Each structure stands twice: as C-alpha cells, then as structure tokens.
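Have the coordinates open and follow along.

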Amino acid sequence: NLFREYTMTESKQLTEYVGFTEDELSTVETSLIVSESLARTEHQAMASIRMGEIVDGPQVAIPGESVRDFALRILTSDSYNSISRQIINPLDTLNANITQRMTEESNVLDRNMLIYQTIMFAITVLVVVMIVIFVAFLRRSLLTPILQTSAALSVVSSGDLRVELEPKANDEVGQMFNDFNSTMKHLRHLIHTIQNSSQKLS
C-alpha cells in the first residue's frame, strides 16, 4: 500500500509535468493498480523457487505439483496473461494517444513557424521596398536638383549667363531654382547696363 501510494504520487507529478490528460492519467493509475496483482504473483513464484517450497500468495498450488511446475504455471497461466494484457493494452493505447498528440502539437508548431517565417520575409521585403522608394525619392528631390544646379553653374563659369533652371515644384528646391534664375537675370541686366555705359563713354 505504501509503495502504491508513493508510486501513484510520483506518477501524478510526472504526468502533470508531461501534460497528460485526466483520461491518460487515469489509465496510468489503473495500470499501476492492476500491476500490483501481477507483482504479487511474480513475487510468489520467485519466492517459491528461492525457498524451495510453495509460499503463500494469490495463487494456489495443485496437489502433487512441484515448486518448479507451480512457478511456471502461475507465470504462464491464462490469468497471468490476462492481467498482463490489462496493463499492456491501455499503455499501448496511451502511447498511441501521446504520439498522436505530440505529432499534432509538432504540426501546429511547424505551421506557426512557417507563418512566423512568412511574416518576417514579408516585413523584410517591405523594408527593402521602402528603402528603395526612399532612395529614389531622395535622388529625385535632392540629388537631381543638385546635379542640375552644378551643371548650370558650370555653364555660367564658361561665360554663358543665359542658362536658366526650370522649377518643377513650389518647395525649397523650386525656390532655389527661382533665386538662381533671378541672379542670372540681374547679372545679365548688370552686364547689359555696363556695356551701354561703356558705349556712351566711348
């Protein structure tokens, strides 16, 4: 009884840790209870062989039966095999149920992992696309106007003040283009004025 109580306690702790259901825990407990009867029969057979005489136990000897024949008979009897099946069959079912549940849980984990990987891939693609769009926007809004301005200044440095920049937006870049055009206009006017003054003096 003490062994059964201890075994049942340990079994409950183990099954609760593993995550057995109530039915699975009940199957384990039933198998433990049934195994006590089997253990008593096995103990009686082994003790009889060890002591050389038939000892008291759950099984009764047939008159004139030897100790060896008694031990063999109770360990191979239909009753013994029936009790063994009462232990093994539920445990086989329990094992099949646990295997099925673990397979289902593994499949769920695999699906969740696939979903997680898909989401991470989608996020990565989205980030890359956003970076490309940002770089393209940066190039269009800043780099292209800078290059246009640089090219216009190169033309101006060669002495051609007729160059103008076409503002395409009403923003800081557009204002810069307007200022550049105004500066060129003033320079052309100033040079024209100087030329007229020189002609009058001459």
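Q: What makes helix 2 roughly antiparallel to helix 3?
A: This is a predicted model, and in it helix 2 and helix 3 (residues 67–76) pack at an angle of about 165°, with axes 9 Å apart. Angles over 145 degrees count as roughly antiparallel, so the pair gets that label. As for handedness, helix 2 passes helix 3 in a left-handed crossing.

Q: Which residues make that contact between helix 2 and helix 3?
A: From helix 2 you get Thr41, Glu42, Gln44, Ala45, Ser48 and Ile49, and they meet Val67, Phe70, Ala71, Ile74 and Leu75 of helix 3. Sorted by class, that's 7 nonpolar, 3 polar and 1 charged.

Q: Why are helix 2 and helix 4 called roughly antiparallel?
A: Helix 2 and helix 4 (residues 78–157) pack at about 155°, and their axes are 9 Å apart. The cut-off is over 145 degrees, therefore helix 2 and helix 4 count as roughly antiparallel to each other. Helix 2 passes helix 4 in a left-handed crossing.

Q: What is the contact of helix 2 with helix 4 made of, by class?
A: It has 10 nonpolar, 8 polar and 3 charged residues. On the helix 2 side, the residues include Val28, Val34, Leu38, Thr41 and Glu42. On the helix 4 side, Tyr80, Ile83, Ile87, Leu91, Leu94 and Arg101 are among them.

Q: Why is threonine 41 called buried?
A: Its relative accessible area is 4%, and buried means under 20%, so threonine 41 is buried. Threonine 41 lies in helix 2 (residues 22–51). It is listed in the contact with helix 3 and also in the contact with helix 4.

Q: Which residues does threonine 41 touch, leaving out those up to four places away in sequence?
A: Pro58, Gln59, Ile74, Leu75 and Tyr80. Ile74 and Leu75 are in helix 3, while Tyr80 is in helix 4.

Q: What makes helix 4 and helix 5 roughly parallel to each other?
A: Their axes cross at roughly 10° and come within 11 Å. Anything under 35 degrees counts as roughly parallel, so helix 4 and helix 5 are given that label.

Q: How do you know which classes of residue sit in the contact of helix 4 with helix 5?
A: Go through the list: Ser141, Pro145, Gln148, Thr149, Ala152, Leu153 and Val156 in helix 4 meet Val173, Met176, Phe177, Phe180 and Met184 in helix 5. That gives 9 nonpolar, 3 polar and no charged residues.

Q: Where is glutamate 164 found, and which residues does it touch, not counting those up to four places away in sequence?
A: Glutamate 164 is in the loop between helix 4 and helix 5 (172–201). It touches Asn181 and Arg188. The C-alpha atoms of glutamate 164 and serine 182 are separated by 9.1 Å, with the two residues 18 apart along the chain.

Q: How many helices and strands does the chain have?
A: 5 helices and 0 strands, and from the N terminus the elements run α-α-α-α-α.

Key:
Residues are numbered from 1 along each chain as its sequence is written. This is a predicted model: local features need pLDDT of at least 70, side-chain atom pairs count only at pLDDT 80 or more; totals for chains, interfaces and linings use all residues. Side-chain values use heavy atoms; hydrogens and water are left out. Helices (H or I, at least four residues) and strands (E, at least two) are DSSP runs, numbered from the N terminus. Buried means under 20% relative accessible area, exposed over 50%, partly exposed in between (1.4 Å probe, protein chains only). Contact means heavy atoms within 4.5 Å. Axes are lines fitted to C-alpha atoms, for helices over the stretch in contact, and angles run from 0 to 180 degrees between N-to-C directions. Angles under 35 degrees count as roughly parallel, over 145 as roughly antiparallel, 65 to 115 as roughly perpendicular and the rest as oblique. A crossing is left-handed if the near helix is turned anticlockwise from the far one by less than a right angle, and right-handed if clockwise. Ala, Val, Leu, Ile, Met, Phe, Trp, Tyr, Cys and Pro count as nonpolar, Asp, Glu, Lys and Arg as charged, and the others, Gly among them, as polar.
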